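Let's take a walk through the pockets of this structure. Have a look at it first, and then we'll go through them one at a time.

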Amino acid sequence: MKMLKIPEPTVVRLSLYSRFLNQASSKGIDIISSDEIGAAVGIPSAQVRKDLSYFGEFGIRGVGYRVRELCSQVDKLLCVNQAWPVVIIGAGHLGLAMSGYRGLQDRGFDVIALFDANPAKHGELPNGLSVLPMEKLAETVREKDIRIGIITVPSASAQQVAEALIAAGITAIINFAPTVLNVPPEVEVRNIDLTVNLEVLSFNLGMRG
């Protein structure tokens, strides 16, 4: 199976399925149907079945899906059944909030350290992490075999930070800066701009009148 052939919306929905299935498993639910999964995440049951069919046959016809088994398989597909060390660049309000967000660790993403160009921010944080100078980025990435970086700096500095991450060996970037990054094609970038989502909401509200 070549992941590049899987539509990106399907991968996004896998993440939704994973969260719901983990919740269902924690409640002791053994069997679940595509109708129930779809209703829980707001997706037609036919789409649930189509998404899962890309990866094989998981369900039992006329019965449904074994929750723990399907949960395990989906988490394996998302590769969240393993630990992913992560670095955050930018020790401002957002970077600090991200470093303390338990949800990252719960899903297998372990923040190793924060980095910032401002010496006044360097040092140990109350949560046990450290804010390190940018000069230590490449060494940390190499020693901890880190592949994912999160950018939480102002837009004016984001491109420079992205280049530093790539030079250090990072191949996947989450970018919270409201700017488009210029990166090589082999580097995966996900842009998260809260204003874009707010503008979509305001557009939809405006269309309703």
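**Two pockets to explore**

The largest pocket lies between domain 1 (8-78) and domain 2 (84-196), because both of them give residues to its lining. Those domain bounds come from an automatic or database domain assignment. A pocket here is an open set of points on a 1 Å grid over the protein atoms alone, where a 1.4 Å probe fits, with protein on both sides within 12 Å along at least five of seven lines; lining residues have an atom within 4 Å of a point.

Keep in mind that this is a predicted model: local features need pLDDT of at least 70, side-chain atom pairs count only at pLDDT 80 or more, and totals for chains, interfaces and linings use all residues. Residues are numbered from 1 along each chain as its sequence is written, and side-chain values use heavy atoms, with hydrogens and water left out.

So what lines the largest pocket? It has 35 lining residues, and Val11, Leu78, Phe109, Ile174 and Arg190 lie nearest its centre. Elements that give two or more residues include α1 (8-26), β3 (84-89) and β9 (188-191), and α1 gives the most, with seven. Helices (H or I, at least four residues) and strands (E, at least two) are DSSP runs, numbered from the N terminus.

Now for the second largest pocket. α2 (34-41) and α3 (45-53) each supply at least two residues of its lining, with α3 giving the most, at three residues.
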